[in-house]
Amino acid sequence: MSAPVLSTPALVPAEVILDEHVAARAPWSAVVAAGDVLTIVDLHGNQAVDCLLYAAADTAVRYSAPETIRRQRSIVLTTGSVLRADTGAALMTVVADEVGVHDTLGGACSQESNSLRYGEHTRQQHACVENFLLEGARWGLGKRDLVSNINWFMNVPIDPDGALGIVDGLSAPGKRVALRAEVDTLVLVSNCPQVNNPCNGFDPTPVRMIVTRPGGDR
């Protein structure tokens, strides 16, 4: 399955600072400078992208799902959502979104959660927590630094009884979300390897990460 050719791949066009593909199931990270915009492209559609954010100057300041949800009074992310640390500080803002719903509650798959949910035979499957640990180690981060994460493109409806579901995503090939860094932000990503539920359509695929700099060099 080939990815669509986008005439303007970045959702906020400007000078391209970085343009990389992330293989299916793989981790990725980069520091996005304040004012720069990260576009995440769901190349084939229905691919969950797990994400953690840290202030590059002090990684003790990191994304907080509870604070983000509390401030915006919504459990989903879309254009206008401000991604906040537990201090209330803004790390990144969603400035454009072609999907409309991104998850804050589903968490990251792990070898332990896979075995509990899907059976002991899945315990050795590579998972998002392992991706975060591998990539985070490059920045001096360990297991104690992992917090509740964002799941870009993932669809997690809440049933009337309060139960969470994981269903087919609302994305499609080439759909994008764009995040502006409010401070220099370390972005840590696991291009989710999950094959036991529909978050990736049972077939993990690559994504594309593009950083642009509005207004040119600073």
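1. Surface patch. Patches are made of residues with over 30% relative accessible area and no salt bridge, in which like charges are joined within 9 Å and nonpolar side chains (Val, Leu, Ile, Met, Phe, Trp, Tyr) within 5 Å. Accessible areas come from the Shrake-Rupley method with a 1.4 Å probe, and for residues only the protein chains shown count as cover. A salt bridge is a side-chain nitrogen of Lys or Arg within 4 Å of a carboxyl oxygen of Asp or Glu. On the surface, I75, L105, I158 and L164 form a nonpolar patch whose accessible area is about 310 Å² together.

2. Basis of the note. This is a predicted model, in which local features need pLDDT of at least 70 and side-chain atom pairs count only at pLDDT 80 or more, while totals for chains, interfaces and linings use all residues. Residues are numbered from 1 along each chain as its sequence is written, and side-chain values use heavy atoms, with hydrogens and water left out.

3. Overall composition. The protein has three helices and 13 strands; helices (H or I, at least four residues) and strands (E, at least two) are DSSP runs, numbered from the N terminus. Of the 218 residues, 50% are buried, where buried means under 20% relative accessible area, exposed over 50% and partly exposed in between (1.4 Å probe, protein chains only). The accessible surface comes to about 9,400 Å², and carbon and sulfur atoms hold 53% of this area. Contact means heavy atoms within 4.5 Å; among contacts with a separation of 6 or more, 77% are between residues 24 or more positions apart.

4. A nonpolar core is a set of buried Ala, Val, Leu, Ile, Met, Phe, Trp, Tyr and Cys residues joined through side-chain atoms within 4.5 Å. The largest such core has 32 residues, and L38, I40, L53, M92, W152 and V187 have the most contacts inside it. Elements giving two or more residues to this core include strand 2 (27-32), strand 3 (37-42), strand 8 (90-97) and strand 13 (207-213). Strand 4 gives the most, with four residues. Beyond its neighbours within four places in sequence, I40 is in contact with residues including V49, W152, F153, V177, L179 and M209. In soluble globular proteins, nonpolar side chains tend to be buried together.

5. Second core and cysteines. A second, separate core of eight residues includes C109, C128, V156 and C192. How many disulfides are there? The count comes to zero, a disulfide being a pair of cysteine sulfur atoms within 2.5 Å. The sulfur of C192 is 3.6 Å from the closest cysteine sulfur, that of C128, which is too far for a bond. C192 is buried, at 3% relative accessible area, and C51 is buried at 0%.

6. Helix 3. Because seven of its nine residues are buried, helix 3 (residues 128-136) is largely enclosed by the rest of the structure. The buried residues of helix 3 are C128, V129, E130, N131, F132, E135 and G136. The side chain of E135 meets that of R138 in a salt bridge (2.6 Å, N to O). E135 is buried, with a relative accessible area of 10%, whereas R138 is exposed at 57%.

7. Salt bridges. The structure holds eight salt bridges. One of them joins the side chains of R208 and D19 (2.7 Å, N to O). R208 lies in strand 13 and D19 in strand 1 (residues 15-22), so this pair ties together parts that are 189 residues apart in sequence. R208 is buried at 18% relative accessible area, and D19 is partly exposed at 38%. D145 forms a salt bridge with R62, their closest N and O atoms being 3.0 Å apart. D145 lies in the loop between helix 3 and strand 10 and R62 in strand 5 (residues 58-62), so the pair ties together parts that are 83 residues apart in sequence. Both D145, at 18% relative accessible area, and R62, at 13%, are buried. E67, R70 and R71 are linked in a network of salt bridges.

8. Backbone points to check. Most residues other than glycine have a negative phi. F153, in the loop between strand 10 and strand 11, has a positive phi near 70°. F202, in the loop between strand 12 and strand 13, has a positive phi of about 60°. Which of buried or partly exposed describes F153, and which describes F202? F153 is buried, with a relative accessible area of 1%, whereas F202 is partly exposed at 47%.
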